[in-house]
Amino acid sequence: MPITAADINKMFRTAKYFDGVLNKVNVTALANGKCTAELTLEEEHTNIMGGLHGGLSATLVDCISSYALVSKTSLPHVSVHINTEYIKGAKLGDQIEIFGNTVKMGKSLAFLEVLIKDKNTGALLVKGSHTKFLLAPKE
C-alpha cells in the first residue's frame, strides 16, 4: 500500500527521532514523484535573527524530496549529495510552501529537487537538489 500525505503528517507529529523537528509541517499532496507541504514559521523554526533557519531549510530539502521519491518507488534509499541555495529570507509568521519533485530515477540513482517559496508572494526562498542512491531490495 503506498504511503499517503496523511501517513507522513502522522509520522511528523509522533516522531521521536529527528523528523520530529518537522512536527508542524503539513503535507498537502503526495503522488507520482511529487510532495507538496506548507509551514507557518514559528519561533522554533527561526535563527537568532528571527529568519528561517538554514538548517531547517536543509532538512526540508532532505525530507520533502525523500517523500517525493517514496511516492514513486518502494526501494530503500540513502543520500549521496544534498545542495541548498539560500536565495531570499523568510521571517517569523511567514507561510512557506515546499515543493519536492523527482526529476529522474534510474536503476541506482534518483535526482530530486525542492523549491521553498513564500506562500503569499510566490517568491523563491530556497532551491535545493538531492541525489539518492537506490538500494537493491534484500532477498
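Two strands are taken to pair if DSSP finds at least two bridges between them. In this predicted model, strand β3, residues 77-86, and strand β6, residues 124-134, are joined by nine bridges and run antiparallel. Within this pairing, Y86 has V126 of β6 as its bridge partner.

Six strands make up an open sheet, in the order β1-β2-β4-β5-β6-β3, with antiparallel pairing. At the edges lie β1, residues 26-31, and β3, each of which pairs on one side only. From one strand to the next, the twist averages 15 degrees. Helix α2 packs on this sheet and touches β1, β2 (34-40), β3, β4, β5 and β6. The direction of α2 makes about 135 degrees with that of β3.

Further pairings are found within the sheet. Strand β4, residues 95-105, runs antiparallel to β5, and nine bridges join the two. Here F99 has L115 in β5 as its bridge partner. Strand β5, residues 109-118, also pairs with β6 in the antiparallel sense, again over nine bridges. In this pairing K117 stands opposite L124 of β6. A hairpin is formed by β5 and β6, with five residues between the strands. In its turn, G122 has a positive phi of about 80 degrees.

S57 is placed in helix α2. The relative accessibility of S57 is 1%, and since buried means under 20%, S57 counts as buried. Apart from neighbours within four places in sequence, S57 is in contact with L52, Y86, I116 and V126. Two of these contacts, Y86 and V126, are bridge partners of each other.

The loop between α2 (54-70) and β3 contains P76. This proline is partly exposed, its relative accessible area being 41%. When residues up to four places away in sequence are not counted, P76 touches F133, L134 and L135. P76 and P137 are 61 residues apart in sequence, and their C-alpha atoms are 7.5 Å apart in space.

A nonpolar patch on the surface is formed by V78, V80, V103, L109, F111, F133 and L135. Together these residues have about 540 Å² of accessible area. At least two residues of the patch come from β3, and at least two from β5. One of the patch residues, L109, is found in strand β5. L109 is partly exposed, at 31% relative accessibility. Two other members of the patch, F133 and L135, are among the residues that P76 touches.

Charged side chains were also examined. Side chains of opposite charge can pair when their charged atoms come close. Four salt bridges are present in the structure. One of them is formed by K24 and E42, whose closest N and O atoms are 2.8 Å apart. This pair links distant parts of the chain, as K24 lies in the loop between α1 (5-14) and β1, and E42 in the loop between β2 and α2, 18 residues apart. K24 is partly exposed at 35% relative accessibility, and E42 is partly exposed as well, with a relative accessible area of 33%.

K24 also meets E44 in a salt bridge, at 2.9 Å from N to O. Here too the pair links distant parts of the chain: K24 is in the loop between α1 and β1, and E44 in the loop between β2 and α2, 20 residues apart. With a relative accessibility of 49%, E44 counts as partly exposed.

Another salt bridge is found between the side chains of K119 and E38, at 2.8 Å from N to O. K119 lies in the loop between β5 and β6, whereas E38 lies in strand β2, so the pair ties together parts that are 81 residues apart in sequence. K119 is partly exposed, with a relative accessible area of 34%. E38, at 23% relative accessibility, counts as partly exposed.

Key. Residues numbered from 1 in each chain as written. Predicted model: local features only at pLDDT ≥ 70, side-chain atom pairs only at ≥ 80, totals over all residues. Heavy atoms only, no water. Helix = DSSP H or I, 4+ residues; strand = E, 2+ residues; numbered from the N terminus. Buried < 20%, exposed > 50% of the residue type's maximum accessible area, 1.4 Å probe, protein only. Contact = heavy atoms within 4.5 Å. Axes fitted to C-alpha atoms, helices over the stretch in contact; angles between N-to-C directions. Patch = residues over 30% accessible without salt bridge, like charges linked within 9 Å, V, L, I, M, F, W, Y side chains within 5 Å. Areas by Shrake-Rupley, 256 points an atom, 1.4 Å probe, with all protein chains shown as cover.
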